[in-house]
Amino acid sequence: MKVSDLAIQKKEDQELVALAQEGNFGAFDTLVNRHEKRLYSHAMRILQNREDAEDVMQSTFIKAMEHLPQFRGEASFSTWVTRIASNTALNVLRKRNGLESVSLNEIVEENEEGFIPHPEVIADWRGDPSKIVEQRELQEILDEAISNLPEKQRLVFILRDVIGMSISETRDALGISAANVKVRLLRARLALRERLTYRFEDPQKRHLKTHSHDGDEEKSTSAKILFQSYLTG
Amino acid sequence: MKCEDLLRMLNDYVDQDIDPGICTDFEVHLKGCNPCKVVVDTIRKTIRLYKNDEVYEVPIEFHDRLHQTLRDRWKKTMDENKEN
Ligand SMILES: [Zn+2]
């Protein structure tokens with residue numbers, strides 16, 4: 001119990017876990033400090049509600065505390081606690097959605113999606129977004145874009161691209177097929193890309209609908225049609 | 001490879017989960033098709049912006065409450081373990 005605060009803060013997660021398992025609260029507390037911001041951000045992205053995200057944080061760390069004696073370090077502490085947090089958040093979401101929770105699990109035809117992101121705007125960005133807008137504005141833009149996604153796409157994107165789960169982990173977490181994970185992920189990525197392009201595009205570099213690239217009119221038109229048929233089909 | 005094929009494999013390419021041979025075809029197509037190249041580039045940038053996203057600050061009063069709750073729980077669990 002007598003490891004100094006400073007010494008604790010310098011330790012790797014793995015060492016802190018070992019200390020916490022021996023009963024050192026300071027070590028556990030440091031682990032919480034280290035991971036709470038990331039997990040809170042994930043929970044906010046999933047639930048889009050502060051109270052719910054706070055509840056998820058509290059249950060996550062209580063569960064981590066309770067199961068710490070069984071933690072054997074097969075995965076890193078970070079991965080382990082992230083898994084607890086995302087499962088907890090998804091359960092809150094299922095409960096909150098009530099009857100709709102079924103839709104999280106069932107295999108639905110993707111045609112039912114309300115929002116289909118046609119790649120209308122194809123343009124390179126005018127620079128690094130974190131340099132062309134202020135941090136606060138960037139966050140607003142990212143929030144706005146992601147909260148406009150249908151829930152099914154949003155969840156897949158968050159689990160896969162934000163939290164960094166694999167396709168099969170995402171499939172298991174949401175109880176949908178891997179094929180559905182992939183389709184939803186593609187739609188989400190395309191939709192977000194499109195929204196962000198509206199904000200960050202370099203108008204000089206926009207490919208207009210009638211624009212033919214490389215002097216190949218046929219190729220350009222067919223690309224557009226194929227994009228659309230792929231997304232709607 | 002056509003634009004359609006490329007779109008179908010966009011995820012696999014972006015996630016680098018693609019056969020080396022197909023990857024070469026993919027890259028040949030990108031060299032000759034600027035719209036596809038721009039879509040791939042801006043999708044990558046989009047993912048990067050959201051990745052490792054830690055934009056939300058934990059509200060300070062919640063942070064304090066959380067750590068107090070955990071401290072109380074910890075103590076309680078320790079005391080119970082001692083009794084057993
Ligand atoms: Zn193309």
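**Notes on the interface and the zinc site**

1. Between chain B and chain A, 19 residue pairs are in polar contact across the interface, both residues of each pair being at pLDDT 80 or more. The model is a predicted one, and the contacts should be read accordingly.

2. On the side of chain B that touches chain A, the elements giving two or more residues are helix 1 (3-8), helix 2 (10-14), helix 4 (34-50) and helix 5 (60-83) of chain B. Helix 5 of chain B supplies the largest share, 12 residues. By class, this side of chain B has 21 nonpolar, nine polar and 12 charged residues.

3. Seven salt bridges are found across the interface of chain B and chain A. In one salt bridge, the side chain of B:Arg73 meets that of A:Glu66 at 3.2 Å, N to O.

4. In total, 42 residues of chain B are in contact with 59 residues of chain A. The two chains bury about 5100 Å² between them, with 66% of it on carbon and sulfur atoms. In chain B, the residues that lose the most area to chain A are B:Tyr50, B:Tyr56 and B:Trp74, together 18% of what that side buries.

5. The zinc ion is coordinated by B:Cys3 (SG), B:His29 (NE2), B:Cys33 (SG) and B:Cys36 (SG), at 2.1 to 2.4 Å. The arrangement is tetrahedral because the four donor atoms subtend angles of 107 to 111°.

6. The donor residues of the zinc ion follow the spacing C-x25-H-x3-C-x2-C in sequence. Distant parts of the chain are linked by the pair B:Cys3, in helix 1 of chain B, and B:Cys36, in helix 4 of chain B, which are 33 residues apart.

Methods:
Residues are numbered from 1 along each chain as its sequence is written. Chains are lettered from A and ligands numbered from 1 in the order in which they are written. This is a predicted model: local features need pLDDT of at least 70, side-chain atom pairs count only at pLDDT 80 or more; totals for chains, interfaces and linings use all residues. Side-chain values use heavy atoms; hydrogens and water are left out. Contact means heavy atoms within 4.5 Å. Buried area is the accessible area (1.4 Å probe) that two parts lose on being put together, summed over both. A salt bridge is a side-chain nitrogen of Lys or Arg within 4 Å of a carboxyl oxygen of Asp or Glu. A polar contact is a pair of N or O atoms within 3.5 Å; within protein, one must be able to donate a hydrogen and the other to accept it, and residues adjacent in sequence count only if both atoms are side-chain atoms. Helices (H or I, at least four residues) and strands (E, at least two) are DSSP runs, numbered from the N terminus. Ala, Val, Leu, Ile, Met, Phe, Trp, Tyr, Cys and Pro count as nonpolar, Asp, Glu, Lys and Arg as charged, and the others, Gly among them, as polar. Donors are N, O and S atoms within 2.8 Å of the metal (3.2 Å for Na, K and Ca); water is not among the atoms, so sites may look incomplete. Four donors count as tetrahedral if all angles lie between 85 and 135 degrees; four count as square planar and six as octahedral if opposite donors are over 155 degrees apart and all others between 65 and 115; anything else is irregular.
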